[in-house]
Amino acid sequence: MVLLQSRGKMKCKDLARELEVSERQIQKYKTYLDEAGIFIISKYGAYGGYEIDKSNSISNISISFEELIVLESISEKLKYSNDIYQKKFSDIVEKIKLVSKTDEEITPMNYFTIQSKCNYNHEFQRKKYADITLSYITNKKLKIKYYSINSGHTIRTVHPYGLFNYKGDTYMVAFCEKRDKFIDFKVCRISDYTILEEKYKIDKTFSWREYSKNSIGIYKDDEIDIILKVKYPFSIIISEKVWVENQKIIECEDNSIIFKAKIRGYTEIKSWVLSMGSNVEVIKPDKLKSDIIMEIEKMKNIY
């Protein structure tokens, strides 16, 4: 669909070559898109090919009042989250409302997000998202100029696998040829990029669930067995979330809890514990306990 949108018209054999599948598979894709309400026109002859029927796509899809409420609510959420696609999404919702068959007026509940705004060029960021997506769909390698806090600006050749949001920032999961492993790249730190003609093969053994397993953030370094005693009221806050699937929480008589888990990402674990201040005590491991004490000493020396 993205290829047809960007190029207007393509022959079946060209689509098959671009996506590295058979022409028969392309015909199946066309059927799937038609069933989803994205209608593809087939034109025959020397100048024929497939193209999207822009005059008749979503108008035949039945949208319920409840589904429109969901769309409006998401639009509100994107607006207050300072999302770079908020305006485009809002415009799409308005178009859907025009062709929907409901006469009921929608007044979405206000949605607010309390977080810092990202300080970057939104237009350039939108273009990066679109090109990263195109790179993934066509399986073409991406050459990026990336700023790392540890190593400064470097040139990397990467294979994009997905995008995710963490604390208001968007990250790209990609295999890095330089480091020979999967890495999370903060998209706003990509200062320049080129989609290469050279293709990459998707590693079918890659699993997002396994990649992020037992991790509470973006760090994927050392995994540790952790035991914390968390005092009230932080005990309530910690109990309200599933931080990792293997966590165990034991409630104590004084309203505190014992939190046990196997967690990956030592750097982030340390920051997480420090963020709870005097409301948490590290029971295990001893290394984390020592590192927390050292960090507190450094803080005391500053003040």
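Hi everyone, let's start with a pair of side chains: Lys 30 makes a salt bridge with Asp 34, and their closest N and O atoms are 3.0 Å apart. By salt bridge I mean a side-chain nitrogen of Lys or Arg within 4 Å of a carboxyl oxygen of Asp or Glu.

A quick word on the source: this is a predicted model, where local features need pLDDT of at least 70 and side-chain atom pairs count only at pLDDT 80 or more, while totals for chains, interfaces and linings use all residues. Residues are numbered from 1 along each chain as its sequence is written, and side-chain values use heavy atoms, with hydrogens and water left out.

Back to our pair. Lys 30 and Asp 34 both sit in helix H3 (residues 23-35), four residues apart, about one turn of the helix. Helices here are DSSP runs of H or I with at least four residues, strands are runs of E with at least two, and both are numbered from the N terminus. Is Lys 30 buried or exposed? Lys 30 is buried, because its relative accessible area is 19%, and buried means under 20%, exposed over 50% and partly exposed in between, using a 1.4 Å probe and protein chains only. Asp 34, at 23%, counts as partly exposed.

Lys 287 counts as exposed at 51%, whereas Asp 291 counts as buried at 15%.

Next, Lys 186 and Asp 169 meet in a salt bridge at 3.5 Å, N to O. This pair links distant parts of the chain, with Lys 186 in strand S6 and Asp 169 in strand S5 (residues 169-176), 17 residues apart. Both residues are buried. In total, the structure holds 16 salt bridges.

How many residues does S6 give to the lining of the second largest pocket? Six, the largest share. A pocket is an open set of points on a 1 Å grid over the protein atoms alone, where a 1.4 Å probe fits, with protein on both sides within 12 Å along at least five of seven lines; lining residues have an atom within 4 Å of a point. There are 22 lining residues, and Ser 148, Asn 150, Ile 183, Asp 184 and Tyr 219 lie nearest the centre.
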